[in-house]
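Open the model in your viewer and keep the selection panel at hand. The tour goes stop by stop.

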Amino acid sequence: MEDVQVVAMLVRRCVAGDAAAWEEIVQTYNRRIYNICYRFAGSADDAEDLAQEVFIKMYRTLASYDSSKGAFVTWVTTITRNLLVDHFRKTKQDRITDSLDAATSAHEDALPLSEQIQDQSAPPDARVRSREVGETVHAALARLSPELREAVILRDLQDLDYREIATVLKVPEGTVKSRINRGRAELARLLQRTYRQVM
Amino acid sequence: MPDKTSNGVQCHEFDTLLSDALDGVLTGVQLDAFHAHTRTCSVCGPLFAEVQAGRNWLKDLTEVEPPASLVTNILASTTGVDTQRLRVNVSASQGASSFSPSWWERAQAHISGAIQPIWGTVRQPRFAMSFGMAFFSLSVALSVLGVKPADLRSISLRPAAIRHTYYNTQARVVRYYENIRFVYEVESRVRELKRNVVPAEAAPAGEKKDHKNDTTQQPEQKQDRNYSQNDTHLILACAPLGPSVFDSLNHDPLNQDSLNLDQRDQDPLNQDLPVVSVTTYRRFV
Ligand SMILES: [Zn+2]
């Protein structure tokens, strides 16, 4: 997905102080990084802050990137993932109460998710419907454990291969596959419960 | 997961086969065996259905558009560039403006583009702090050496003049050092004289307590409060516990006496020993 030579050259220029090269890197990767952050953190505001943090960290450590050790996109994703883990740990305390609330309602009747699908009886046009589904899936994704969530995001949303994901997460490929499958299955269970409620 | 074999596929290898099957990597006999296992195994069958459903759900998550300000903010916080050029880029991409930058704005963007790698680093808080501290230290050092900003204007850069300035500064530093040494020497002499006079009067053992009023002991008491948790502190800390506290407090002066007795016991021979050495010794007891 990336021309190794081109990216290596871009990084070299950037390390040498070429601002245009840095801008090109930012333009190329901001969408990808923002999306990983958004799907993992759940909120657009957090995603914007986190993506900015990722680029600040990238900018400071760009000289340490070694193209012989792996693709730039893997390096960038690793930085992003590490920052997300830090962010998760930092905000863990806040979320403990949140997830307890969510768990309770999930056991009762999965209300928080089903509430997001409004008025199924009067079908709106396809685009609105697809947006609603997207929001529901996004909300369900936020309920997965961080290990499963990150694996699923990197595979199904970012299209990284197993080897790349294994590098980013620093776990064996077998573990990566297992987490992806468990993540997908868990997501399906959450959504099935939701839609059974609604329909 | 029960580890049973059905149709030549074991449950524990199902995970790997599952990924391969969904990725379309599994073919031929392997694929047939996989599907046969899925149909017959009560654990792997439902799992396959769920994994497949989950993957389909995730396909509904299309990429979202990052906020238009993201790139601008990133560049501003990394290279320190918040140029008109970028603002124009953003507004142009939003179709909000047909404004084109003047030559002055383009020049500004160009210049800041040239200095931004350095400026970006300097702008980071930790570097800014370091630079600030370095500047502060330098200005303190210069003012100690008697260098005034006004002097800098009249500085001559001829080699001879630089040599002259160097020797002048060196002489000033030496003089400053000598002055400080002189003050310290006078001080220590005075202290020595005092010590030689006072113990001669305080020679009788009973009056040794007067040392308590000697100002040279004050630092010692202060050190005790800071470095050790002595009895007095413990008693005060548990003050509300009972009436015994007040007894203990009453004993406080006695404690002080015993301290002084200790001191006397430790240096009965040489009363000219500096008090400080006694302090140090007692703290280790
Ligand atoms: Zn099975």
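Is A:D159 buried or exposed? Select A:D159 and see: this residue is exposed, because its relative accessible area is 61%, and exposed means over 50%. Bear in mind that the model is predicted.

**Stop 1: two loops**

Stay on A:D159. The residue is found in the loop between α8 (146-157) and α9 of chain A. Check its backbone. Phi is positive, about 60°, although A:D159 is not a glycine. Most residues other than glycine have a negative phi.

Now select A:K170. This residue lies in the loop between α9 and α10 (173-198) of chain A. A:K170 has a relative accessible area of 59%, so it is exposed.

**Stop 2: a helix pair**

Next, show helix α4 (residues 72-90) and helix α9 (residues 162-169), both of chain A. They pack at an angle of about 40°. Their axes are 9 Å apart. The two helices are therefore oblique to each other. The crossing of α4(A) with α9(A) is right-handed.

Which residues of α4(A) and α9(A) meet? From α4(A), select A:V73, A:T74, A:T77, A:T78 and A:R81. Colour the contact by class: three residues are nonpolar, four polar and two charged.

**Stop 3: a buried glutamate**

Move to A:E48, in helix α3 (residues 44-61) of chain A. Its relative accessibility is 15%, so A:E48 counts as buried; the cut-off is under 20%. What is A:E48 in contact with, leaving aside its neighbours within four places in sequence? Select A:Y34 in chain A. Then turn to chain B and pick B:P67, B:S69, B:L70 and B:N73.

**Stop 4: the cores**

Now for the largest nonpolar core, which has 62 residues. Select A:W22, A:I25, A:I33, A:M58, A:F72, A:L141 and A:L187, the members that touch the most others. Then show helix α2 (residues 19-41) of chain A. This helix gives the most to the core, with 11 residues.

Centre on A:L187. Beyond its neighbours within four places in sequence, A:L187 is in contact with A:V137, A:A140, A:L141 and A:L144 in chain A. In chain B, A:L187 is in contact with B:G54, B:W57 and B:L58.

One more selection. Apart from the largest nonpolar core lies another core, of 16 residues. Among them are A:A185, B:C11, B:L18 and B:V51.

Terms used. Residues numbered from 1 in each chain as written. Chains lettered and ligands numbered in written order. Predicted model: local features only at pLDDT ≥ 70, side-chain atom pairs only at ≥ 80, totals over all residues. Heavy atoms only, no water. Core = buried A, V, L, I, M, F, W, Y, C linked by side-chain atoms within 4.5 Å. Buried < 20%, exposed > 50% of the residue type's maximum accessible area, 1.4 Å probe, protein only. Helix = DSSP H or I, 4+ residues; strand = E, 2+ residues; numbered from the N terminus. Contact = heavy atoms within 4.5 Å. Axes fitted to C-alpha atoms, helices over the stretch in contact; angles between N-to-C directions. Parallel < 35°, antiparallel > 145°, perpendicular 65-115°, else oblique. Left-handed = near helix turned anticlockwise from the far one by under 90°. Nonpolar A, V, L, I, M, F, W, Y, C, P; charged D, E, K, R; others polar.
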